[in-house]
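The sequence and structure are shown first.

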Amino acid sequence: MKTNQSSLPFHPYILLLISILSVSISSIMIKSSDTPTSVAGMYRLYISVIIMLPFVPWKTLRTSEMNKKDWSTVLLAGLFLGLYFLCWMESLVYTSVASSMVILSLQPLFVMIGSYFIFRERTNILTILCLIAALLGSLIIAWGDIGVSREALIGDGLSLLGTILVSAYMLAGQKVSRKIDANLYSVIVFFLGGSVMLVYNLLNNITLIEYNSSDWTYFFLLAVIPTIFGQYIFNLLLKSIGATTVSVGIIGEPVLAIILAYLFLGETISIFQFIGGLITLLGMAGYFWTPSLTQTVSKDRSYS
């Protein structure tokens, strides 16, 4: 797991915590609105693009080392992002949030495998065990709510496809992260992702403009909090800590969502959620602490 914080305003893990917290808040925001998820997702991405446009360093395009293959990767990343949102949205029609959450928690596993084949990143056994512990905790959190049916299998299949798509999105972002500014990259993939959802809305005759002021405020907040302070920071961190570490951090989203729901919505915390959340946090802590431990042991051996 690499760490390079030369161009970051704060330590990567502080930014990762901010982004996970921001994404977690979105689950509470979504519960407060009855607008179609595909419309909210579309405007969430489009409004983010409008907000970020003034901060895009367009001059960097002149000195960019991006080639046609790299630009193709960026285009694919935007397509993956839009399709991920659509698959995740449609999966909830057929299956429970709990079942989808368990499948989505496999994201760091897919990213770790992809990173090995694409970037030749190797992971030690202790790190893998910590990741498995975090995944186990996520499974326990959802265990009390998981149901099995024919309909659920369709939803689980869509959720699995969404997990593969978001993993591919992360890997694509890491592949070009050293050649393109994170602001420029985010604006492009957010626009493309929003356009995928626009096409979906048009094909399904979903209205795009007949919403009241509270809905537009909701779209704006979705753009600022979970997208700019969430997804954008994820993209920013791909260069410094890599897609696998970002994905492991995302496992903590359900834990934070549960805590926020308890604090702001008055929801109770079940024994499954408490035990699973504790195991998830311990697994994540072990994952982030392991590289420091490995470096310390290596230094000690070099001095002996």
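## Contact between H2 and H8

In this predicted model, helix H2 meets helix H8 through Thr37, Ser38, Val39, Gly41, Met42, Leu45, Tyr46, Ser48, Val49 and Met52. The residues that H8 contributes are Asn183, Ser186, Val187, Phe190, Phe191, Gly193, Gly194, Ser195, Met197, Leu198, Tyr200 and Asn201. By residue class, this contact comprises 12 nonpolar and 10 polar residues, with no charged ones.

H2 covers residues 37-52 and H8 covers residues 182-203. Their axes lie 8 Å apart and form an angle of about 150°. Angles over 145 degrees count as roughly antiparallel, and H2 and H8 are therefore roughly antiparallel to each other. The crossing of the two helices is left-handed.

## Contact between H5 and H10

Helix H5 (residues 107-119) packs with helix H10 (residues 242-250) at an angle of about 175°, and the axes are 8 Å apart. Because of this angle, H5 and H10 also fall into the class of roughly antiparallel helices.

On the H5 side, the contact is formed by Gln107, Pro108, Val111, Met112 and Ser115. Their counterparts in H10 are Ala243, Thr244, Ser247, Val248 and Ile250. This contact divides into 6 nonpolar and 4 polar residues, and charged residues are absent.

Ile47 is located in helix H2. Its relative accessibility is 16%, and residues under 20% are classed as buried, so Ile47 counts as buried. Apart from neighbours within four places in sequence, Ile47 is in contact with Phe219, Phe220 and Ala223. Ile47 and Thr227 are separated by 180 residues in sequence, whereas their C-alpha atoms are 9.6 Å apart in space.

Asp70 belongs to helix H3, which spans residues 68-94. Is Asp70 buried or exposed? Its relative accessible area is 6%, which means that Asp70 is buried. When residues up to four places away in sequence are not counted, Asp70 touches Glu65, Val176 and Lys179.

## The loop residue Asn205

Asn205 is found in the loop between H8 and helix H9, the latter covering 213-237. With a relative accessible area of 72%, Asn205 is exposed.

The backbone of Asn205 has a phi near 55°, which is a positive value in a residue other than glycine. Most residues other than glycine have a negative phi.

## Overall architecture and confidence

The chain contains 12 helices and 0 strands. Its pattern along the sequence is accordingly written α-α-α-α-α-α-α-α-α-α-α-α. Of the 304 residues, 48% count as buried. Among contacts with a separation of 6 or more, 89% are between residues 24 or more positions apart.

The average pLDDT of the chain is 83, and 85% of the residues score at least 70. Over residues 293-304, however, the pLDDT is below 50. Beyond near neighbours in sequence, that stretch has 2 contacts in the model.

Technical notes:
Residues numbered from 1 in each chain as written. Predicted model: local features only at pLDDT ≥ 70, side-chain atom pairs only at ≥ 80, totals over all residues. Heavy atoms only, no water. Axes fitted to C-alpha atoms, helices over the stretch in contact; angles between N-to-C directions. Helix = DSSP H or I, 4+ residues; strand = E, 2+ residues; numbered from the N terminus. Parallel < 35°, antiparallel > 145°, perpendicular 65-115°, else oblique. Left-handed = near helix turned anticlockwise from the far one by under 90°. Contact = heavy atoms within 4.5 Å. Nonpolar A, V, L, I, M, F, W, Y, C, P; charged D, E, K, R; others polar. Buried < 20%, exposed > 50% of the residue type's maximum accessible area, 1.4 Å probe, protein only. pLDDT = per-residue confidence, 0-100.
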